[in-house]
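Subject: Structure for your review

Dear colleague,

Please find below the structure that I am handing over to you.

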Amino acid sequence: MKRYVYINDNDMSQDVYCDNRISNRKYTVLNFVPKNLLEQFSRFMNQYFLLIACLQLWSLITPVNPASTWGPLIFIFAVSATKEAWDDYNRYLSDKQANEKEVWVVKQAVKKLIQAQDIRVGNIVWLRENDEVPCDLVLLGTSDPQGVCYVETSALDGETDLKTRVIPSACVGIASELLHKIKGVIECPNPDKDIRRFDANVRLFPPFIDNDLCPLTINSTLLQSCYLRNTEWACGVAVYTGNETKLGMSRGIPEPKLTAVDAMIDKLTGAIFLFQIVVVIVLGTAGNVWKDTEARKLWYVLYPNEGPWYEVLVIPLRFELLCSIMIPISIKVSLDLVKSLYAKFIDWDQEMYDHETSTPSHATNTAISEDLGQVEYILTDKTGTLTENRMIFRRCCINGISYGNESGDALKDPLLLNAVASSSPDVIRFLMVMAICNTVIPTKSKNGAITYKAQSQDEDALVHAAAHLHMALVNKSGNILEINLNGLVIQYEVLDTLEFTSDRKRMSVVVKDCQNGKIIMLSKGADEAIFPYACSGQQIRAFVEAVEQYAQFGLRTLCLAWRELNEDEYEEWSLTYKEAKTTLVDREWRLAEVCQRLEHNLEILGITAIEDRLQDGVPETIETLRKAGINFWMLTGDKQSTAIQIALSCNFISPEPKGQLLLINGKTEDEVSRSLERVLLTMRITTSEPKDVAFVVDGWALEIVLNHYREAFTELAILSRTAICCRVTPSQKAQLVKLLKSCDYRTLAIGDGGNDVRMIQQADIGVGISGREGLQAARAADYSIGSKFF
Amino acid sequence: MTSKGATSSGGGDDGATKRNSKKPQYSRFTQQELPACKPILTPGWVITTFIFIGIIFIPIGLVSLFASERVVEIVDRYDEDCIPAKYSEDMVAFIQSSKTNKTCSRTLTVPKLMKSPVYVYYQLDNFYQNHRRYVKSRSDKQLRSKAYASETSTCAPEATTGNGSAIVPCGLIAWSLFNDTYGFSVNKKALEVSKKNIAWKSDKESKFGSDVFPKNFQSGGLIGGGKLDSSKPLSEQEDLMVWMRTAALPTFRKLYGKIEVDLEADEKITVVIQNNYNTYGFGGKKKLVISTTSWIGGKNDFLGIAYLMVGGMCLFLAISFILMYVIRPRPLGDPSFLSWNRNPAGHFN
């Protein structure tokens with residue numbers, strides 16, 4: 001299914017797609033009462049109370065004043081209805097504000113100011129600096145001659161850094177006056193909620209010469225609710241509007257979480273209701289029998305001989321009303337009140353206030369606070385949760401020589417400083433990769449100081465370190481990149497950026513030296529993603545050793561490499577790359593394949609080691625929690641040795657004599673299954689001994705295990721108190737949570753990054769840390785805290 | 001709370017960012033620092049508490065039991081004995097007939113000196129004054145004031161006479177008024193039984209109006225219990241007030257009157273009973289009770305025994321805890337007793 005958007009064509013796409021009216025409302029004025037009541041009555045308890053309340057209206061059978069049930073019932077219904085109504089009203093207000101905002105739109109080749117809700121698919125929307133994007137746009141032009149603009153996407157994904165957006169190549173060089181009259185067609189998929197993908201093509205109609213298909217990616221879109229920054233103006237054509245935008249599609253209420261107590265209450269309510277019915281039937285029958293045999297003899301009661309038809313029902317129904325307090329209506333009222341008070345206490349707690357970022361803790365979900373005390377498994381992310389996620393460049397290994405080993409800080413190592421000063425070619429190349437091979441955006445403030453905006457902390461650390469070593473990235477405008485080496489400005493033209501994906505685990509940049517026209521490819525990535533592609537002649541032993549050595553210290557390692565390309569090879573490859581970029585289906589996979597073709601025969605330059613400091617008090621906290629019988633699992637994307645090192649340093653596992661580490665590894669199904677069985681066997685034996693046993697599994701083996709040996713792994717999971725899962729993907733994290741949940745354990749997932757969101761949503765309790773990796777996790781979580789362990 | 005963030009992105013999330021700029025306010029309530037008492041049940045505390053309860057309760061129990069022992073009580077069941085032998089097959093017919101002689105004479109012996117005031121009660125067994133139909137069948141409004149004489153809606157089925165005029169007092173309770181009478185004499189000399197001040201003060205002064213006179217009472221086809229003097233206002237009909245304080249249990253005593261003189265030990269009291277009230281239809285019993293009172297009320301051993309039992313149990317528990325504490329002490333708050341430490345494989349369950 002595809003959508004064809006005709007740019008600036010009022011006849012073609014006027015009515016097919018919805019307008020840009022955003023509506024997050026659940027109710028309208030008319031359907032509020034019935035819909036809300038229906039929703040509330042979908043709970044069994046409420047139905048029960050209504051039944052009782054209705055029975056009480058029959059004065060023949062009621063023992064009490066009906067107000068005693070109707071009062072509280074109406075009260076709780078009114079409270080939750082008011083809450084809903086208030087939320088909905090606020091949603092309405094914010095919708096209205098967004099809908100009535102005025103934007104510049106081209107109509108009949110003239111710019112007009114219209115309300116945001118009147119934007120149609122195909123309209124060209126003009127934005128100025130700091131404007132909010134009213135709907136999903138495909139960029140057509142910006143004030144920048146290279147067609148670059150910057151957006152802040154914090155409302156969308158919680159990341160506060162600026163992102164670069166580029167106009168499609170077909171639109172480069174179109175004068176801004178001509179943009180009013182631009183015509184063309186964009187072929188794009190139907191609306192979905194993936195904010196990281198947009199695989200489309202654009203074809204401009206004559207007179208705009210370029211009649212070729214031009215690929216579009218997410219990089220040339222402006223998504224709804226982003227902000228345009230550092231760019232004078234930008235214009236784009238609306239492709240998705242209203243509730244069909246990426247943001248609109250990804251909105252949705254996550255499944256409500258039920259606490260153990262709630263689930264128990266629901267179960268017990270059902271059981272009590274059944275019991276009540278039995279009691280009512282038994283007592284009702286007995287009552288009727290007694291009435292017919294005994295009570296008729298009681299002359300002072302004056303029973304009439306013939307009663308109405310419903311007389312048999314009277315006594316059972318009276319018993320039902322008498323028994324109705326078995327499920328007290330107060331339980332609902334008081335539980336709700338107490339729970340919201342708990343949540344407030346969490347919000348109010350000063351000891352959970354983070355001074356550094358000035359964020360108090362916040363309980364988003366008020367209903368599950370009592371479950372916090374019942375957690376049996378804590379699944380934690382490593383980066384940013386156990387560690388601070390503040391990266392510091394510590395050591396490096398260039399061409400077999402390690403720097404920073406003595407002082408623990410390579411930036412102060414005189415050897416390295418000397419090497420830089422003497423412009424040793426290896427070191428210079430190494431620094432060049434550090435400075436260039438990234439997606440960092442340097443911005444110059446007025447006083448000349450350069451600040452870097454980076455998406456990843458690692459890149460930030462590397463660029464800063466490079467700048468410290470006199471290889472400063474000073475400017476990046478369009479494709480031209482400027483580097484200041486010892487006061488000498490060198491320009492490079494960026495030809496292609498082979499982006500980092502979690503599957504490839506590396507990124508590369510193809511640049512052209514503006515002085516001598518040489519084309520070089522610079523790569524950096526995880527060691528196992530780079531080493532296999534090293535050129536055959538190179539000795540990589542020294543590097544492998546360095547990687548292992550650094551991992552021992554708990555440092556994050558990155559491998560830097562480069563390759564010179566000759567022009568023909570690049571030209572040839574460039575074509576296939578372009579083609580891959582324009583595919584609509586499986587683009588990511590195709591791109592990865594094409595990138596692979598270029599990333600081989602790499603000359604490895606060196607290894608960087610970045611320290612990721614532990615949070616304050618982490619070891620003590622983990623120690624305490626483990627004493628309380630809470631099991632810890634660490635799920636991280638880092639490599640095995642780093643993970644184990646971190647785990648050791650934060651008391652996660654005990655060192656050798658007391659603790660034991662069991663590894664599950666292997667590349668094939670057989671190997672994994674054997675290793676799993678061995679671990680399971682050891683585990684079974686050691687459960688009786690007072691020994692800390694932990695198992696370590698990496699993402700690859702985990703994939704096999706989860707697919708083929710689920711049961712064995714479940715048993716293992718139950719047996720072990722500690723587990724370290726390294727190299728796991730976000731979906732595997734969520735799968736692990738699901739696995740533990742299926743064994744009836746209460747799980748708490750804690751994390752800070754976008755990769756933890758799924759795990760957090762899946763777990764019984766999700767805790768998000770509003771840390772450096774953006775606010776995504778905190779938004780998805782039930783509880784968010786400023787920093788980790790207090 | 002409010003989600004009117006400037007961004008208008010829709011969800012309620014904006015509120016979080018708005019709040020986040022602020023440090024939570026300090027107050028002892030919000031920081032949960034209000035003075036609180038969290039008692040830990042250490043062995044010392046538990047044992048002390050049990051001993052304390054035992055020491056307090058046992059004397060109270062003894063005193064109550066002693067007081068109950070001092071109450072002198074005569075109980076005489078007369079419902080079957082007051083039926084002539086020839087009617088013993090059909091007691092209902094006897095009691096319902098207006099021609100039979102229902103006078104019956106009983107002789108009671110005073111076991112011990114009974115100091116005045118001596119209370120006279122009638123006790124009914126198996127009489128359900130708590131039956132729903134019965135207990136609801138009254139009109140408090142009508143009893144209170146003349147103006148509400150026709151307020152008989154709650155009185156069914158004894159609300160109105162056949163021709164529709166209101167019965168005062170209406171309802172089943174009033175209609176089934178107890179109507180046995182007792183005449184006492186000692187050594188042929190009549191014993192005065194005072195029927196004044198046997199009802200509650202509040203009943204006399206406010207619940208039963210002084211301007212409400214019985215009307216159409218017991219005039220229908222079915223005669224229930226006793227009749228009322230229609231010249232006396234309800235506020236003076238103390239028997240009715242006593243009767244209309246319905247009992248919660250099927251066995252109950254109601255005050256009949258007070259004897260204001262002492263009764264010597266071994267005195268013979270002759271009671272002339274007018275046996276009018278029908279308990280034969282439903283197998284109830286009628287008893288005459290003559291009793292003195294003490295500070296705990298009438299004769300009742302239950303309170304004393306209950307106190308003694310609880311006190312004894314507490315002492316017993318205290319002693320056994322002391323023994324356990326001496327023989328097998330264990331450190332307080334030992335984590336090795338926690339479920340997951342007891343059994344290394346405790347994850348199984």
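This is a predicted model: local features need pLDDT of at least 70, side-chain atom pairs count only at pLDDT 80 or more; totals for chains, interfaces and linings use all residues.

Chain A overall

Chain A contains 24 helices and 33 strands. Of its 790 residues, 51% are buried. Among the contacts in chain A with a separation of 6 or more, 68% are between residues 24 or more positions apart. A:Cys595 counts as buried, at 4% relative accessibility.

Two regions of strands in chain A

An open sheet in chain A has 4 strands in the order E1-E8-E9-E10, with antiparallel pairing. Its edge strands are E1 (2–7) and E10 (214–216), each of which pairs on one side only. On average, neighbouring strands of this sheet are turned by 25° against each other, direction ignored. Strand E9 (residues 200–204) of chain A runs antiparallel to E10(A), and 3 bridges join them. A:Ala200 has A:Leu216 in E10(A) as its bridge partner.

In E21(A), the covered face carries A:Leu481, A:Ile483 and A:Leu485, while the uncovered face carries A:Ile480, A:Glu482 and A:Asn484. Strand E20 (residues 471–477) of chain A pairs with E21(A) in the antiparallel sense over 6 bridges, and A:Ser477 stands opposite A:Ile480. E21(A) is also joined by 6 bridges to strand E22 (residues 488–498) of chain A, again antiparallel. Here A:Leu485 of the covered face stands opposite A:Leu488 in E22(A). The hairpin of E21(A) and E22(A) has 2 residues between the strands, and A:Asn486 takes a positive phi near 50° in it.

The sheet of chain B

In chain B, 5 strands form an open sheet in the order E1-E9-E3-E7-E6, with antiparallel pairing. Strands E1 (73–77) and E6 (193–194) of chain B stand at the edges with a single partner strand each, so one side of each has no neighbour in the sheet. Within the sheet, strand E3 (residues 118–125) and strand E7 (residues 252–259) of chain B pair in the antiparallel sense over 7 bridges. B:Gln123 has B:Arg253 as its bridge partner in E7(B).

Disulfides

How many disulfides are there over all chains? The count comes to 2. One joins B:Cys82 to B:Cys104, with an S to S distance of 1.9 Å. B:Cys82 lies in the loop between E1 and helix H3 (91–96) of chain B and B:Cys104 in strand E2 (residues 103–109) of chain B, so the pair ties together parts that are 22 residues apart in sequence. The torsion about this S-S bond, between B:Cys82 and B:Cys104, is about -60°, so the disulfide is left-handed. Both B:Cys82 and B:Cys104 are buried.

A disulfide also joins B:Cys155 to B:Cys170, with S to S 1.9 Å. Both B:Cys155 and B:Cys170 lie in the loop between helix H5 (140–144) and helix H6 (172–175) of chain B, 15 residues apart. B:Cys155 is buried at a relative accessible area of 0%, and B:Cys170 is buried at 2%. Counting bonded cysteines along the chain, the disulfides of chain B follow the pattern 1-2, 3-4. B:Cys37, by contrast, counts as exposed at 69% relative accessibility.

Aromatic pairs

Over all chains there are 43 aromatic pairs. One of them is formed by A:Tyr570 and A:Trp573, tilted, at 6.1 Å centre to centre with 40° between the planes. These residues, A:Tyr570 and A:Trp573, are 3 residues apart in helix H15 (residues 567–582) of chain A, which means that about one helical turn separates them. A:Tyr570 is buried, with a relative accessible area of 7%, and A:Trp573 is buried at 5%.

B:Phe127 and B:Tyr277 also form a tilted pair, 6.2 Å centre to centre with 40° between the planes. B:Phe127 lies in the loop between E3 and helix H4 (132–135) of chain B, and B:Tyr277 in the loop between strand E8 (268–274) and strand E9 (285–291) of chain B, 150 residues apart. B:Phe127 is buried at a relative accessible area of 0%, and B:Tyr277 is buried at 1%. Ring pairs link both into a cluster whose members include A:Trp299, A:Tyr300, B:Trp175 and B:Trp243.

With kind regards

Terms used:
Residues are numbered from 1 along each chain as its sequence is written. Chains are lettered from A and ligands numbered from 1 in the order in which they are written. Side-chain values use heavy atoms; hydrogens and water are left out. Buried means under 20% relative accessible area, exposed over 50%, partly exposed in between (1.4 Å probe, protein chains only). Two strands pair if DSSP finds at least two bridges between them. Contact means heavy atoms within 4.5 Å. A disulfide is a pair of cysteine sulfur atoms within 2.5 Å. Axes are lines fitted to C-alpha atoms, for helices over the stretch in contact, and angles run from 0 to 180 degrees between N-to-C directions. Rings of Phe, Tyr and Trp (its six-membered ring) pair if their centres lie within 6.5 Å; planes under 30 degrees apart count as stacked, over 60 as edge-to-face and the rest as tilted.
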